[in-house]
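The points are numbered and can be read in order.

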Amino acid sequence: MTTTYPFEADSVDDALTAVGTPAVRIDGLDKISGAAQFVDDLDFGPDLLHGAVVESPHAYARIVSIDTSAAEAAPGVVKVITGEDFPYNFGMYMEDRYIFAQHHVRFVGEQVAGVIARTHRQAVRAAKLVEVEYEVLEPLLDPKEAVAEDAPLIHPNLGDYAHVPWFFPKADTNIAHWRKIRKGDTEKAFAEADYVLEDTYRVPRYAHCAIEPHVTVGKLDHAGRLTVWTASQSPHTQRHLFAEALAPLGFAHKDVRVITPYVGGGFGGKAGVSMEIIGAAMATAVKGHPVKLRFTREQEFYNTYQRQGVVAELKVGVMNNGTITAVEHKLYWDAGAYVEYGANVVNAAGLSATGPYRVPNISNDSLCVYTNLPPGGPYRGFGYSEFHFGLESHMDRIAEAIGMDPVDFRRKNAIVEGDELSYGGHMNPSGMIEAIDKTAAAIEWGVDEESKNPNTIMGKGVALFWKAPAMPPNASSASFLKFNEDGSVNVSVSGMELGQGYLTVMAQIAAEILGLPVEMVRVETPDTDRNPYEWQTVASHVTWSSGLAVEKAAIEARAKIFEVIHEVYGFEDETLYLEDQKVKCTTDPEFAKPLREFVIDGIQTDDGTWRGGPIIASGKFMPEFTNANSDPETGQGGHPNVHYTVGACGVLIEIDKETGRIWVRKAALAVDAGKAINPDLVKGQITGGLVQGLATVLYEDMRFDDDGRLMNPNFTDYKIPTSFDIPDEMIPIIVEVPQPDGPFGARGVGEHTMIAAAPVIANAVYNALGVRIKSMPITQEKIALAVTDRHHN
Amino acid sequence: MIAHEFAYERPTTLEEATRVLTEHSGSVRLLAGGTDLVAWLRDDAVAPDLVVDIKAIPGLDTIELDGDELHVGSLVTFTDLIESEVVAEHAPLLIEMAETVASPGIRNRATMVGNICSAVPSCDAGPVLMAYDTTVHLIGPGGARSVSIDDWFIGLRETACSDDEVVTHLTLALRPHGGVYVKLMRYGGEDLAQAAVGIVEYPGHEYRVAFGAVAPTPIRAHRIEEVLRGKPLGEEVIADAVALVRDEISPITDMRATAEYRARMCEVMLERGLAASHERLEGAGPAYGTRLI
Amino acid sequence: MELSLNVNNEEWALDVAPADVLLDVLRERVGTKSPKIGCERGDCGSCTILIDGRSVRSCLVLAVEAEGHEITTVEGIGADHLSELQNLFISNNSFQCGFCAPGIVLSATELLARNPSPSRHDVQEALSGNLCRCTGYEPIIEAVLAAGERNEEVSA
């Protein structure tokens, strides 16, 4: 059985002129010339004030008192604000977060007060003068300790927080959400299985490390309108949360405006609202002045979202013929001090923790556990990267145990169209088998490689991945489109150009429908006053969702064009088409009406009057086939996910047996894009995601001391890849099994490309050395010590 | 943004520099390349009243070969070393070391003398300068003096240079040699050393061995040198030297590596490094700049 | 302190404090926004500028140190017409978010000025201090190598 989709987009057409081409990015010139403006590059004039944040030095403490008098008296200080000024809570999916700490601090670095001064230097100096007295409490830093029966409570009032209906917080515990899946009979299946493997895998926290730090400039003008310029993936969601959180100050949504210029990388870290609420609150405290809050790299690390750590307890049962019969996956997430966004990562992982396999008997428990570490949140991969590490390591181990080739084992069990999903729905069309075969061929799976260097050894690994967008069931996108006098087009959308090429892809979709060259379409970053709604640029959903909204707007514009041509010339709509910036007609080859002649001014008729006028259109898309209503105890009954994108990854690595150093000699990654609107940009997602994923397994790692303090909040000790840290050869493979409801068949690929990177390395290390490492990262040190220890044992 | 405020002087002679330093002794910092100092100022790790920029003093930016001595001025940057033909010919190990320091945008400013004045345990220049029998020349209110590199490093970020002195240049004693600088890093990109070793072999089976990042300062491995002295390198001799590594070093466990990994890698680096430096002495072996680990 | 600064061949007379960092002075006082604030401790390379043709971290230079030197930013490189390298970056879709792009253009410009036909390793070395989180570097390296190949064709 396959899902039926209420909206069927244009079918994939061989005669495409804009879609499917490696069009040059429409923002390329901006970015290469220095013209591209990011929030910090905007000028606000001489009355711009600067904010600095007073932070908690403790992971858990009660605030006894705050003395701001010395700071208020410091040179240049305009205002000092604390939690007393903003006693509000807010949050994306659960309102457990505070603008400034209220009575308690729950992680090192949490904002306790804000100082606003004439200059940045004055603000930073004055912030050091705010005196806060704390009663220090024992922090909880480990999710397994935090779920213990007698653990102290990090949020005693958890039961009072408002939250979305698909969350199930357990009051009087540290469990903020517990996603359960129960399907079939796992107990029976494990009893009947020929082989059962059970083990625990550990994944630490990671940082997004967009090179642009978070920056916010807020201004409450004297007419009462709040404008906030943010480096954000989520302008409309931010506007909504600002308006809601600050509602006691009397804001209507129409009075709050979010403007988001180019964003210097997001990766999930700039989704939702994190530090931006501090900037918005500061703006309300200094009416009439713009105030800028720019996080330092250190703050970027410890007080914006982090990727959550997880302890994954996994049990899988198989038959000797290689059929997987049961999966039991328990995920204990280190979700941090506030989980308003991170709890949905937990939810998404829980729904899909079988991985891309056909599994008849499932028991998933995904627990969102409060700890006294910085708030977890969205990060490219959204929980999937984390659980795939253990899951895909496990699959290799099982294949070996039953004497099956790991690629054959995966091919046998890979989920395909129509297979039942863990929550009861059915799998969408998927090119998984093609992805597996092409990946295996690209790395010459089955052919042993010999190293020429006596110190090194070669290894190969494979891993599969899948991911669905994690969204509210009614997350929507919208677009406006208008023609200009010369037949060029402006498209307004509110998805964000994070670098993925969103603006270019939207331009290609509009250009395709309207018969225009891509260069004739301008798409810019949004302003919530002028651009139509977009939920957020997350979940790898905008090519699909916003793309559909743009496609619909373009189709509407095309219909209006045909309507005026019909009215004036009498051609029937079905005979008309757009090509080369002209309207043409299948029944009259001579007819070719340039768009520029009428899309604003209309067409003059024989009697001298005019028909038509400016061609404008709009489009919107909301998935109308999803719902998040399911049984809390089994997860059955809903249809929470719109579709899954799948793929496979394979590597050839070389390892120095003594030092443990790994060189990735070759990495192939195949992803089923449905339809690559711009193959060059899809390849960009593959190379970029792959390298980001490889870094998480090879060296990246947030390190906290016993007091919950982050020890490496900088690039000196949190290493992200340089130009030397990439595979010698990367082989991007685009699979195209169309998504029936996608624009031209497209589905998202942005996050997926990093998901398989961790297990593929774990599997290749095992393949080379026979050492199985079950905690990330798999550093050269870990390998070297494991190899020598094995020799000693 | 640097929150701390300070005064700035840019003397044009060494005399003026030492006079200013004497007047402000105790709360003054010298500025050359600035790649450490400006970062420390920004991090509030130092808070001097005065910063004295020595870049306007002429004569400190030269590399000169004088017989069997190589003089390297205190304003010579790592890039200067890398691009110097004299260095390439006579002290290629300096280049092998310099190429592991940060990245070009840092090396264009950072000086080798600044590197040993900052005196962090992972200081790259330390082990190599020890292996090259280097002398540090300083000038202060009492006139000029010199210090052996072996006596230069006193402790963590502490050197033999007093607050009122300026390093003018280094002198390396040159002889035909083969050498290596092996640096353990967390990945292929720029990194501070997790551990490092500088090795030089001179004709007549004379050796220099010094380690970085495995003690509070770079350290000369005298016992290893002693066991090697006068012996042609062979598997057994190398094994004897490697067996002494843990006696020489005192690594700690920190965020960058465990003590155990540091120790094991010092053994591996010494083993591979001795072999490579010997091959280089004989005009063979991997080209300078080739990473051995 | 009085400071005269030469930025992209324009002279600026400024009054700055000794603690003012060159990066901040370029952005806030001169209005040259292409050097970006990424880490402020020399780790990321997004504040890269050229001083006398050499790539430098402007976050690690005090503004007063720049007296008497020529500063070039990407605004100065492409002012009249884009360089061949910049065109190749565009046609190769080399960048994604573009935040690191000004710094990388300058590091690669410095490389090509000194080494017109660099090897892949040379390019990796020249860019090794410019962090890019989006691209995986490959499309950037390919564009610089292509620029090198064109230089070779011209000189051949």
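1. Contact here means heavy atoms within 4.5 Å. On that basis, 57 residues of chain A and 48 residues of chain C take part in the contact between the two chains. The model is a predicted one, in which local features need pLDDT of at least 70 and side-chain atom pairs count only at pLDDT 80 or more, while totals for chains, interfaces and linings use all residues. Residues are numbered from 1 along each chain as its sequence is written, chains are lettered from A and ligands numbered from 1 in the order in which they are written, and side-chain values use heavy atoms, with hydrogens and water left out.

2. How much area do chain A and chain C bury between them? The figure is about 3900 Å², with 56% of it on carbon and sulfur atoms. Buried area is the accessible area (1.4 Å probe) that two parts lose on being put together, summed over both. Of the area that chain A buries against chain C, 19% is supplied by Ile32(A), Ile211(A) and Phe724(A), more than by any other three residues.

3. Arg27(C) and Asp41(A) form a salt bridge, with their closest N and O atoms 2.8 Å apart. The interface of chain A and chain C also has 28 residue pairs in polar contact, both residues being at pLDDT 80 or more. A polar contact is a pair of N or O atoms within 3.5 Å; within protein, one must be able to donate a hydrogen and the other to accept it, and residues adjacent in sequence count only if both atoms are side-chain atoms.

4. Three helices of chain A, α1 (28-33), α8 (297-302) and α15 (679-698), each supply at least two residues of the side that touches chain C. The largest share of that side, eight residues, comes from α15(A). Helices (H or I, at least four residues) and strands (E, at least two) are DSSP runs, numbered from the N terminus.

5. Within chain C, Asp43(C) forms a salt bridge with Arg41(C), the closest N and O atoms lying 3.2 Å apart. Asp43(C) is buried at a relative accessible area of 11%, and Arg41(C) is buried at 18%. Buried means under 20% relative accessible area, exposed over 50%, and partly exposed in between (1.4 Å probe, protein chains only). A network of salt bridges that share partners joins Asp40(A), Asp41(A), Lys292(A), Arg294(A), Arg27(C) and Lys36(C).

6. Chain A is divided into domain 1 (28-36 + 475-621), domain 2 (39-137 + 214-294) and domain 3 (309-471 + 628-792), with bounds from an automatic or database domain assignment. The centres of domain 2 and domain 3 of chain A, taken over C-alpha atoms, are 36 Å apart. Their contact takes 20 residues from domain 2 and 19 residues from domain 3 of chain A. These two domains of chain A bury about 1700 Å² between them, 59% of it on carbon and sulfur atoms. Across their interface there are one salt bridge and 12 residue pairs in polar contact.

7. Over all chains, the structure holds 90 salt bridges. In one of them, the side chains of Arg257(A) and Asp529(A) meet at 3.6 Å, N to O. This pair links distant parts of the chain, 272 residues apart: Arg257(A) is in strand β13 (residues 256-259) of chain A, and Asp529(A) is in the loop between β21 (521-523) and α14 (542-569) of chain A. Arg257(A) is buried, with 15% relative accessible area, whereas Asp529(A) is partly exposed at 37%.

8. Which bonds are absent? There are zero disulfides over all chains, a disulfide being a pair of cysteine sulfur atoms within 2.5 Å. The closest cysteine sulfur to that of Cys161(B) belongs to Cys117(B) and is 5.6 Å away, too far for a bond. Cys97(C) is in no disulfide either, as the nearest cysteine sulfur, in Cys134(C), is 3.8 Å away. Cys97(C) is buried, with a relative accessible area of 4%.

Technical notes
Salt bridge = Lys/Arg side-chain N within 4 Å of Asp/Glu carboxyl O.
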